[in-house]
Amino acid sequence: MHYQETVIWNKAVRLAEKVCLISAMLPDAEKFGVRLQLTRAAISVASNTAEGWARESKKERRQFLSIANGSLAELHTQLLICERVKWLDGADLSEIKTLIDEIGRMLTVLRRAARLPDRSANS
């Protein structure tokens, strides 16, 4: 299956889209600060998910999915800070928070699966 057909990649791209749009609501002074960090982290989730999916070795796949998971945690933290300092409204972040939770769970499952030995090697 191509990565563009996966649920996780499509959710990660949707997350990046939503973050890019909502980051425009940040104060102008944050254009090259938090806004840039938010968009880079969100895009990293989708990009590293795709790259991990495309890798042939399980070790490489785990590595890129781990990077995607780290970027997801970074993004979540940054959004929570933006919400706490009132730069973004919590109601506007509802779908983004849901996507972060769903993608995080999916990454966990994929990373665990990449740790398992190949069944074809035992057959």
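Axes here are lines fitted to C-alpha atoms, for helices over the stretch in contact, and angles run from 0 to 180 degrees between N-to-C directions. Two packed helices are described by the angle between their axes and the distance between the axes. Helix H1 (residues 7–23) and helix H4 (residues 94–113) pack at about 150°, with axes 10 Å apart. Helices (H or I, at least four residues) and strands (E, at least two) are DSSP runs, numbered from the N terminus.

The model is predicted: local features need pLDDT of at least 70, side-chain atom pairs count only at pLDDT 80 or more, and totals for chains, interfaces and linings use all residues. Residues are numbered from 1 along each chain as its sequence is written, and side-chain values use heavy atoms, with hydrogens and water left out.

Start with the whole chain. The protein chain has 5 helices and 0 strands. From the N terminus, its elements run α-α-α-α-α. Its C-alpha atoms fill a box of roughly 60 × 25 × 20 Å, taken along the principal axes. Of the 123 residues, 34% count as buried. Buried means under 20% relative accessible area, exposed means over 50%, and partly exposed lies in between (1.4 Å probe, protein chains only). Contact means heavy atoms within 4.5 Å. Among contacts between residues at least 6 apart in sequence, 70% join residues at least 24 apart.

Return to H1 and H4. Their crossing is left-handed. A crossing is left-handed if the near helix is turned anticlockwise from the far one by less than a right angle, and right-handed if clockwise. On the H1 side, the contact includes Val 7, Ile 8, Leu 15 and Ile 22. On the H4 side, it includes Ile 96, Leu 99, Ile 103 and Leu 110. By class, this contact has 13 nonpolar, no polar and 5 charged residues. The classes are as follows: Ala, Val, Leu, Ile, Met, Phe, Trp, Tyr, Cys and Pro are nonpolar, Asp, Glu, Lys and Arg are charged, and the others, Gly among them, are polar.

Leaving aside neighbours within four places in sequence, Leu 15 is in contact with Leu 72, Leu 75, Ile 96, Leu 99, Ile 100 and Ile 103. The largest nonpolar core has 26 residues, and Leu 15, Leu 38, Leu 75, Leu 79, Ile 96 and Ile 103 touch the most other members. A nonpolar core is a set of buried Ala, Val, Leu, Ile, Met, Phe, Trp, Tyr and Cys residues joined through side-chain atoms within 4.5 Å. H1, H2, H3 and H4 are the elements that give two or more residues to this core. In soluble globular proteins, nonpolar side chains tend to be buried together.

The axes of H2 (residues 34–54) and H3 (residues 58–84) come within 8 Å and cross at roughly 155°. H2 and H3 are therefore roughly antiparallel. Angles under 35 degrees count as roughly parallel, over 145 as roughly antiparallel, 65 to 115 as roughly perpendicular and the rest as oblique. This crossing is left-handed. Among the residues in contact are Leu 38, Ala 41, Ser 44 and Thr 49 of H2, and Leu 65, Ala 68, Ser 71 and Leu 75 of H3. By class, the contact has 14 nonpolar, 7 polar and 3 charged residues.

Ser 44 is in H2. At 16% relative accessibility, Ser 44 is buried. Not counting residues up to four places away in sequence, Ser 44 touches Thr 49, Ile 67 and Ser 71.

Ser 71 sits in H3. Ser 71 is buried, with a relative accessible area of 7%. Ser 71 and Ala 42 are 29 residues apart in sequence and 7.0 Å apart in space, C-alpha to C-alpha.

Thr 49 belongs to H2. Thr 49 counts as buried at 2% relative accessibility.

Lys 59 is in H3. Lys 59 is exposed, at 63% relative accessible area. The C-alpha atoms of Lys 59 and Ala 114, 55 residues apart along the chain, are separated by 7.4 Å. Lys 86 lies in the loop between H3 and H4. Lys 86 is exposed, at 72%. Most residues other than glycine have a negative phi. Lys 86 is not a glycine, yet has a positive phi of about 70°.
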